[in-house]
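Biologist: I have a new model open and would enjoy a guided look at it. Could we go through it together?

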Amino acid sequence: MQQTELFKESQTIKIGPSEMPDCDLFWIREFFDLSQSDDYFQTLLAGVQWRQDAIKHGRKGTQLPRLTAWYGNSGKNYSYSGIRMKPLPWNAPLLAIKQAVDAEAGAKFNSVLLNLYRNERDSVAWHSDDEPELGKNPVIASVSFGATRRFVLKHKNEKRVPKIEMELSHGSLLLMRGPTQHHWVHAIPKSRIPVGPRLNLTFRIIR
């Protein structure tokens, strides 16, 4: 496998321990069809209560290079990078998306983190979704609407293991399962070319 593996043509990708150590990924390029994806993109872009959070560094704060929102069951609070989020109640579009994702993942998600990447300058740095409230070997379901963005993963400890790179497109679903979050980090890099807005929904189970 090349150092960076870019999947452009395949509609479904599975990457497990036989291909990459400590990894369990399942990606469906067109999980939602074009009409559904367009409708969800426009509805969520306009209807979600977006917020601009900041990470604190001592007395100063740095704004995240994206907008976020947290929806879910009552009491399913979530914290990351010093940011505490209380869930907003589910709305109809999010529940419809969740129902489809639950069925594919074989899980019952109780919360979702939404990220709005407004343009090519918005990004998310290397990180794992391994907060204690997610439990051991969490299942993370990532749904994308809008512009296609590069999604990159690298192993935390094994430097010789090749990176994995995908282009997360409009209507796609990526499942990250098993030990993935404990051994891999992932990121959405800034783009060198102009890119339109992208919505990402990462469904989670808060224990």
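Predicted model: local features only at pLDDT ≥ 70, side-chain atom pairs only at ≥ 80, totals over all residues.

Biologist: Let's begin with the rings. Are the planes of Trp70 and Tyr78 stacked or edge-to-face?
Modeller: The structure holds seven aromatic pairs. In the pair of Trp70 and Tyr78, the ring centres are 4.8 Å apart and the planes meet at 20°. Planes under 30 degrees apart count as stacked, so the pair of Trp70 and Tyr78 is stacked.

Biologist: And are those two residues buried or exposed?
Modeller: Trp70 has a relative accessibility of 2%, and Tyr78 has a relative accessible area of 2%. Buried means under 20%, so Trp70 and Tyr78 are both buried.

Biologist: Which residues do ring pairs link into a cluster?
Modeller: Here the ring pairs join up into a cluster. Its members are Phe31, Phe32, Tyr40 and Phe145.

Biologist: Nice. Which lysine has its charged end over the ring of Trp126?
Modeller: Let me take another ring as well: the charged end of Lys98 sits over Trp90, 5.8 Å from the ring centre. Over the ring of Trp126, the charged end lies 4.4 Å from the centre, and it belongs to Lys154.

Biologist: Turning to the helices, how are H1 and H2 oriented to each other?
Modeller: Helix H1 (residues 34-47) packs against helix H2 (residues 92-105) with the axes 10 Å apart and at an angle of about 140°. Angles over 145 degrees would count as roughly antiparallel. The crossing of H1 and H2 is left-handed, and their orientation is therefore oblique.

Biologist: Now a strand residue. Is Leu67 buried or exposed?
Modeller: Leu67 lies in strand E6 (residues 67-72), and its contacts include Trp50, Arg51 and Leu116. Its C-alpha atom is 6.9 Å from that of Tyr117, 50 residues away along the chain. With a relative accessible area of 17%, Leu67 is buried.

Biologist: What is the relative accessible area of Leu173?
Modeller: Leu173 is found in strand E14 (residues 173-176). It touches Phe26, Trp27, Val101 and Ala141, among others, and also Phe31, a member of the ring cluster. Leu173 is buried, and its relative accessible area is 1%.

Biologist: Finally, the backbone. What is the phi of Asn137?
Modeller: Most residues other than glycine have a negative phi. Asp22, in the loop between strands E2 and E3, has a positive phi near 60°. Asn137 lies in the loop between strands E10 and E11 and is partly exposed at 31% relative accessibility. Its phi is also positive, about 50°.

Technical notes:
Residues numbered from 1 in each chain as written. Heavy atoms only, no water. Phe/Tyr/Trp six-rings, centres within 6.5 Å; stacked < 30°, edge-to-face > 60°. Buried < 20%, exposed > 50% of the residue type's maximum accessible area, 1.4 Å probe, protein only. Lys NZ or Arg CZ within 6 Å of the ring centre and 35° of its normal. Axes fitted to C-alpha atoms, helices over the stretch in contact; angles between N-to-C directions. Helix = DSSP H or I, 4+ residues; strand = E, 2+ residues; numbered from the N terminus. Parallel < 35°, antiparallel > 145°, perpendicular 65-115°, else oblique. Left-handed = near helix turned anticlockwise from the far one by under 90°. Contact = heavy atoms within 4.5 Å. Lists of a residue's contacts leave out its neighbours within four places in sequence.
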